[in-house]
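Reader: I would like to go through a model feature by feature. Please give the general idea where there is one, then the case at hand.

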Amino acid sequence: MNLPESFTNRIKTQLGDDYDAYMNCLDQGMHHGLRVNTNKISVEDFLKISPFELKPVPWTINGFYYDDKACTPSKHPYYYAGLYYIQEPSAMAPASILPVEDGDVVLDICAAPGGKSTELAAKLHGTGFLISNDISNSRAKALLKNLELFGIGNMCVVSEAPNKLSTKFYQTFDKILIDAPCSGEGMFRKSQSMVTAWENNGVELFAGLQRGILNEVVKMLKPGGTMLYSTCTFSPEENEQSIEYLLSLDDTLELVEVPKYPGFCNGNPAWGKTENVELEKCARLWPHHIEGEGHFVALIHKKEAEQTQVFQSWIHRGCKPDKNAEEFLAHVSSDAGIRSAYIEENKGRLYYMAEHMPDVSGLRMLRQGLFLGEIKKNRFEPSQSLAMYLKQGQFDNEVNLTSSDDRVLRYLKGETIEASDQKIKNGYVLVLVDGYPLGWAKNTNGTLKNKYLSGWRMMS
Ligand SMILES: C[S@@+](CC[C@H](N)C(=O)[O-])C[C@H]1O[C@@H](n2cnc3c(N)ncnc32)[C@H](O)[C@@H]1O
């Protein structure tokens, strides 16, 4: 691999005797992983139906390695059913280590395309609330798609600068993830273009960006709350030194020991400027010590305070019932938990807003709550996100196909399919693969007109 001399010189100083092992591992192939969406399926059940041979990733309960030469999980219908996310294995560590609990209000501030947000949301089990933010509007669109694919309803997707968020969300969050923009030294094996980007941007640019973000998140974490800072790079400036900077902003912040799974190394106090021994509590994942591309992870707790701020909640306004929407939603079982008092309308589009959500008004928003569908003239059109949110049995007109049935791929490609072999009523039908929803179709006497979201279609 062709690497800039300024990088190899620095990493040689950092690694000493380990340098050769690191360089040798760069010539080997990268590791591929998928993470099971526990919001839709338990790990145990997924392993029963997995079409791929999988090996556990030691630092997550729901992460697995697969052999990219033997299978392509991104092309399987289960991917379209949102049963897993394709993720580089070391990138599974941050969301797995941040201790998200039921009812938490969580911020993922650098979230696109959603590798970690999807896991944070799954860990909430439909309770609490997730604000997923990315400053890049185009990247936030991919983030929204991934959260929708995962069937997440208690979330909003925002595209804002951190200082805008901190004016609105003072001491609001129980948990914050900062998966910071970084120089990406852990991505070199993925693509030579990452090496070129490193040469063009350098490390200092990102260290500056990280500080700008840290200045703001510190204000948004509740006393008693926990945040996790991660990067996929190895430079001291973006890791130990960023954490030293963060600790200098607020003396109620303290480092918490990151669990050291086999192969994880301690953070290195000598790579900081203050030689704070607490930095050992951070974790460094090196590609020559673990099966993954590499990461840095730090867990930070804010001490409890006597008085805490109570955040401004969303005021549920409800909406005037629409006859067609009501008629459609009557087919959705109450198990889905969509209560009419929390449904709101915006320009003919209906959203289900989580009961306990912060006031997110005034922000550049891509999505607030679960998009249910659109009120059209004389009809209601259910959304793709509603289909993904529902579980088998929650819509009273379903067609369940097996993954080997060729109609599944044809449906995902946008074709009309026949279903005269199924006992279904005319009108909207939820199409499932092996019991997991894929999207909508409209049945007329056994012919299913395709209503799968066109932008999500499988390419031939
Ligand atoms: C490492 S990536 C995040 C990856 C993501 N957490 C995941 O797991 O899929 C860093 C992200 O930070 C975003 N970003 C850069 N500067 C930012 C800022 N000042 N505020 C918020 N997001 C920022 C970038 O657009 C990029 O998507």
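Reader: What share of the 460 residues in the chain is buried?

Author: This is a predicted model, and buried residues make up 45% of the chain. A residue counts as buried if 20 or more other C-beta atoms lie within 10 Å of its own.

Reader: How far should the coordinates be trusted?

Author: Where pLDDT is low, predicted coordinates should not be read in detail. In this chain the mean pLDDT is 96, and 100% of the residues reach 70 or more. The model scores are ipTM 1.00 and pTM 0.97.

Reader: How many helices and strands does the chain have?

Author: There are 14 helices and 23 strands. The radius of gyration is 23 Å, close to the 23 Å from the globule rule for 460 residues, so the chain is as compact as a globular protein of that length. Along the principal axes, the C-alpha atoms fill a box of roughly 70 × 55 × 35 Å. Of the contacts with a separation of 6 or more, 73% join residues 24 or more positions apart.

Reader: In what order do the strands of the four-stranded open sheet lie, and which stand at the edges?

Author: The order is 2-3-1-4, with antiparallel pairing. Strand 2 (55-56) and strand 4 (84-86) are the edges; each has a single partner strand, so one side of each is left without a neighbour in the sheet. Strand 2 pairs with strand 3 (residues 63-65) over two bridges, and Pro56 is opposite Phe64 there.

Reader: Which strands pair with strand 22?

Author: Strand 21 (residues 427-433) is joined to strand 22 by seven bridges, antiparallel. Strand 23 (residues 447-450) is joined to strand 22 by four bridges, also antiparallel.

Reader: Which residues surround the ligand?

Author: The shell has 19 residues, the closest being Cys110, Gly115, Ile135, Asp179 and Pro181. By class, twelve are nonpolar, three polar and four charged. Helix 6 (115-123) and helix 10 (204-220) each supply at least two residues of this shell.

Methods
Residues numbered from 1 in each chain as written. Predicted model: local features only at pLDDT ≥ 70, side-chain atom pairs only at ≥ 80, totals over all residues. Rg over C-alpha atoms; globule rule 2.2 N^0.38 Å. Buried ≥ 20, exposed ≤ 12 C-beta atoms within 10 Å, placed from the backbone. Contact = placed C-beta atoms within 7 Å. Pairing = 2+ DSSP bridges. pLDDT = per-residue confidence, 0-100. Near = placed C-beta within 6 Å. Nonpolar A, V, L, I, M, F, W, Y, C, P; charged D, E, K, R; others polar.
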